[in-house]
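Subject: Handing over the structure

Dear colleague,

I am passing on to you the structure we talked about, with the sequence and the coordinates shown just below. After them I set out what was found, residue by residue and site by site, so please keep the view open as you read.

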Amino acid sequence: MKIGVIGGGQLGRMLALAGTPLGMNFAFLDPAPDACAAALGEHIRADYGDQDHLRQLADEVDLVTFEFESVPAETVAFLSQFVPVYPCAESLRIARDRWFEKSMFKDLGIPTPEFADIQSQTDLDQAVASIGLPAVLKTRTLGYDGKGQKVLRAASDVLDAFAELGSVPCILEGFVPFTGEVSLVAVRARDGETRFYPLVHNRHDSGILCLSVASSEHPLQALAEDYVGRVLHKLNYVGVLAFEFFEVDGGLKANEIAPRVHNSGHWTIEGAECSQFENHLRAVAGLPLGSTAKVGESAMLNFIGEVPPVAKVIAIDDCHLHHYGKAFKVGRKVGHATLRCADRATLDKQIAAVEALIAEA
Ligand code: AMP
């Protein structure tokens, strides 16, 4: 079976690494000459709106999936005429726009911060008057890793905030005084069967994920599964979806969804019976899903900007290196390490060992 992937970054690369043993081949459509997934399959180098090359991709593959959500709606609609596309166009339409996403949470009764649609500075002034400060202004589309957002703490922060974010459609969200950030990665098959990985605790640095730790029997697991299940059912979703939550007042508030494999699920490569990458491929290909059970205690640390010396990383017991083969650049995710240990005390010790290497690099 040949799988077409829109986007050729590290997520596409790890999909191919998981799918190759299942007998799958891959083609990646990505305009970047140095797309790092190209090492694992065919690289169709073209813009996401280039219909000739989209048609070429559709003709060559059995189905198309995505490694990022900011795909133009027209691209998805065009491809859907010729080849099955998972997840569906509607899932991408909702997930790529924070207004649609938050409105869906509200309709489904999933708690989320108070929010308002912002089309102008006047809208912003009115929304600040009703939501209050602090608050977070975010572009509706194309924001990632803390980009395209601004925390508004004082009235002076509000003055030019709409222009500072580029005078594009935004939402204003109430600031959540969270005690932690968690995510739930789930997979739904074509026949509706759904499986959930354990909740993951996430730590961010300057808006970029730096550490994910898979939890054991988290008290909010069942609640998170209920919320994520509502979204999967509503969207008739097929594939892996990640749902990020704020932990607050002993409950959960929805932050955002990603209609794809997700950085907070990378630990599953070594830490779960079947990784998020393999399960995504199983789901979209109509194959039986794999077990989402955790194998031991597990964590993931991102390498941002550069990968520490390989020999030092792999000299740490229980440590598995994933080097994305990308040029090193400040703020860019260029690799990660997964840790899988027998017990939590060992895991904490090994996390500290990897963090020390990152600090040295
Ligand atoms: P996002 O791109 O929406 O995931 O936001 C990036 C990070 O900003 C989140 O992981 C949080 O640490 C922080 N953040 C986002 N929205 C809020 C909010 N409404 N209240 C408090 N912190 C937030």
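With a relative accessibility of 52%, Asp59 counts as exposed, since the cut-off for that class is over 50%. Please bear in mind from the outset that this is a predicted model. Asp59 belongs to helix 2, which covers residues 51-60, and its C-alpha atom is separated by 11 Å from that of Ala27, a residue 32 places away along the chain.

Backbone geometry

The bond from Tyr86 to Pro87 is cis, with omega near -5 degrees, and Pro87 sits in the loop that runs between helix 3 (73-80) and helix 4 (89-95). The bond from Leu133 to Pro134 is likewise cis, with omega near 0 degrees, and Pro134 is placed in the loop between helix 6 (121-131) and strand 6 (135-139). As background, most peptide bonds are trans, and most residues other than glycine have a negative phi.

Against that background, Glu217 has a positive phi of about 45 degrees although it is not a glycine, and Asn236, also a residue other than glycine, has a positive phi near 45 degrees. Asn236 is found in the loop between helix 9 and strand 13, whereas Glu217 is in the loop between strand 12 and helix 9.

From C-alpha to C-alpha, His218 is 6.7 Å from Leu199, although the two are 19 residues apart in sequence.

Around the ligand

There are 14 residues around the ligand, and Lys138, Glu173, Val176, Glu181 and Glu256 come nearest. An N or O atom in the side chain of Asn255 is 3.0 Å from an oxygen atom of the ligand, and an N or O atom in the side chain of Gln149 is 3.1 Å from an oxygen atom of the ligand. In the case of Gly174, a polar backbone atom is 3.1 Å from a nitrogen atom of the ligand.

The cavity and a pocket

The structure holds one cavity of 30 Å³ or more, and the space in the largest cavity comes to about 30 Å³. Its lining is made by Glu181, Val182, Ser183, Asn202, Glu244, Phe245, Phe246 and Asn255, and the elements that give two or more residues to it are strand 9 (180-188) and strand 13 (239-248). By class, this lining divides into three nonpolar, three polar and two charged residues.

Ser183, one of the lining residues, is found in strand 9. It is buried, with a relative accessible area of 0%, and the side chain of Ser183 makes a polar contact of 2.7 Å with the side chain of Ser264.

The second largest pocket has a volume of about 220 Å³, and its lining residues include Arg203, Asp205, Cys210, Leu301, Asn302 and Glu355. At least two residues of that lining are supplied by each of strand 11 (200-205), strand 12, strand 15 (297-304) and helix 13 (344-360). Six nonpolar, two polar and three charged residues make up the lining of this pocket.

Helix 11

Finally, helix 11 (residues 276-284) is largely enclosed by the rest of the structure, because eight of its nine residues are buried. The buried residues are Gln276, Phe277, Glu278, Asn279, His280, Leu281, Ala283 and Val284. After helix 11 comes Gly286, whose phi is positive, near 75 degrees.

With best wishes

Technical notes. Residues are numbered from 1 along each chain as its sequence is written. This is a predicted model: local features need pLDDT of at least 70, side-chain atom pairs count only at pLDDT 80 or more; totals for chains, interfaces and linings use all residues. Side-chain values use heavy atoms; hydrogens and water are left out. On a 1 Å grid over the protein atoms alone, a cavity is a set of points where a 1.4 Å probe fits but cannot get out, and a pocket is an open set with protein on both sides within 12 Å along at least five of seven lines; lining residues have an atom within 4 Å of a point. Grid points are joined across faces, edges and corners, and a volume is the space filled by probe spheres set on the points. Helices (H or I, at least four residues) and strands (E, at least two) are DSSP runs, numbered from the N terminus. Ala, Val, Leu, Ile, Met, Phe, Trp, Tyr, Cys and Pro count as nonpolar, Asp, Glu, Lys and Arg as charged, and the others, Gly among them, as polar. Buried means under 20% relative accessible area, exposed over 50%, partly exposed in between (1.4 Å probe, protein chains only). A residue is near a molecule or strand if one of its heavy atoms lies within 4 Å of it. A polar contact is a pair of N or O atoms within 3.5 Å; within protein, one must be able to donate a hydrogen and the other to accept it, and residues adjacent in sequence count only if both atoms are side-chain atoms.
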